[in-house]
Protein chains: 2
Amino acid sequence: MPDASAIQQPDMRRRILDAAAFLLAENGYKATTLRGIADAAGLKAGSIYYHFPSKDHITVEILNEGVAQVSSAVKEAVTDASAEKSSAEILHAAIEAHLTALTEHSSYTRASIRCFSMVSEGIRKETVEVRRAFDAIWLDVLRVVQATGALPADADLKSLHLIILGTLNWTLECHGATEKEKRALVETLSSLVVGPNAAIL
Amino acid sequence: MPDASAIQQPDMRRRILDAAAFLLAENGYKATTLRGIADAAGLKAGSIYYHFPSKDHITVEILNEGVAQVSSAVKEAVTDASAEKSSAEILHAAIEAHLTALTEHSSYTRASIRCFSMVSEGIRKETVEVRRAFDAIWLDVLRVVQATGALPADADLKSLHLIILGTLNWTLECHGATEKEKRALVETLSSLVVGPNAAIL
DNA sequence: AATTCTGCCTAACATTTGTTAGGTCTCGTC
DNA sequence: GACGAGACCTAACAAATGTTAGGCAGAATT
């Protein structure tokens, strides 16, 4: 007897993805079970296979969507800021967009960051393109900032990239961080990268 | 019939920990099985229970030992450098010691960083003291550096702490990083934190 | 020499996992 | 009203998991 309250949600496929993304972000890949996903999405485990061919396919889709979300958030923030702002402000906007996309918007981004290293090689291969594109976006931002002189010509962009990525992504490991602390982190980080030099030039 | 080549390794308990640490660092908590640990250590899964009461006890011991190793590595580097060096050099030494402990010395440190967030609350509670002590060490380093004037008096030490921690720990997620890139990262990071200001003072 | 202890093994256990096969209900279409 | 397809459920499968109970050889102790 089908429950009357289960009035056939519009897009069950999306609900499954949402539930899986949340659990992946919270508990990791191996600890995320199809029965757990099914419970959270409001169906039974076997029914998932009507929408997806396997757990790995769900995982790949979430990992890619997560990176794509941060990607477009950063890209949009940069193009928005590029109009009439200084390169220091562009970088600030990019950093803020990245962190906001990470902590606010969705579990997809958190899942893609926290599960990537724990997932099988087969899954990782399916996500390499999206991740490479994301790296390219950030390196482009840094190159633009460098071209304006806000960064020294001999600055190691690869290291700066790693510092920014590492700092922002690492916030996911600190569950106790308040909103105020995150704002302070954005300010400190962006002024650390372009602050002193921007003041000189 | 016991194999003649298994001539009773001196400390099987340590071998189990080593094997478990490696697998935890490589595959995460859930994907690390007692049978996998047993295989790597050279015994059978059931025999592990002669040395440890449960998988969680093994995990706790490894997580704590990992943090303790980075802890003492940083602490030692700081006291070594404190003798006659500038505070900028002290910070540089601390950063380098942290990264070296992470990537070189042992799987324990990698395991403790990569598994902490994926582990049950019960396990996490057992590691809170050691981790708090480690935080205190780094904050002390930053306070000392700040006291010498190499950092501005109003610098947000908590943010700086997060930046340093995040950057260094994040390197574990980038398997493709060469030794040269890590050195460059240490230079860029430490000069970013104290470089410009230290040049002024 | 008899006994106990140490250190490990074998074999099973209950549970959980991803996955599959077949059934059932509801809806729109003919 | 028959029919077929869409969307879900039930019930099971084999494999893998943490864990336990009992056994067995050799060293240590008495």
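A residue is partly exposed when its relative accessible area falls between the buried limit, under 20%, and the exposed limit, over 50%. E179(A), at 37% relative accessibility, is therefore partly exposed. The model is predicted.

E179(A) forms a salt bridge with R183(A), with N and O 3.0 Å apart. Both residues sit in helix 10 (residues 179-193) of chain A, 4 residues apart, so about one helical turn separates them. R183(A) is also partly exposed, at 29%. By the distance rule, 16 salt bridges are counted over all chains.

In chain B, R183(B) pairs with E96(B) at 2.8 Å between the closest N and O atoms. R183(B) belongs to helix 10 (residues 179-200) and E96(B) to helix 5 (residues 87-105), so the bridge ties together parts 87 residues apart in sequence. R183(B) is partly exposed at 31%. E96(B) is partly exposed at 29%.

DNA strand C is surrounded by 16 residues, the closest being T33(A), Y49(A), K44(B), Y50(B) and H51(B). A side-chain N or O atom of Y50(B) lies 2.6 Å from a phosphate oxygen. A polar backbone atom of K55(A) lies 2.9 Å from a phosphate oxygen. The side chain of R35(A) instead places an N or O atom 3.0 Å from a base oxygen.

Technical notes
Residues are numbered from 1 along each chain as its sequence is written. Chains are lettered from A and ligands numbered from 1 in the order in which they are written. This is a predicted model: local features need pLDDT of at least 70, side-chain atom pairs count only at pLDDT 80 or more; totals for chains, interfaces and linings use all residues. Side-chain values use heavy atoms; hydrogens and water are left out. A residue is near a molecule or strand if one of its heavy atoms lies within 4 Å of it. A polar contact is a pair of N or O atoms within 3.5 Å; within protein, one must be able to donate a hydrogen and the other to accept it, and residues adjacent in sequence count only if both atoms are side-chain atoms. A salt bridge is a side-chain nitrogen of Lys or Arg within 4 Å of a carboxyl oxygen of Asp or Glu. Helices (H or I, at least four residues) and strands (E, at least two) are DSSP runs, numbered from the N terminus. Buried means under 20% relative accessible area, exposed over 50%, partly exposed in between (1.4 Å probe, protein chains only).
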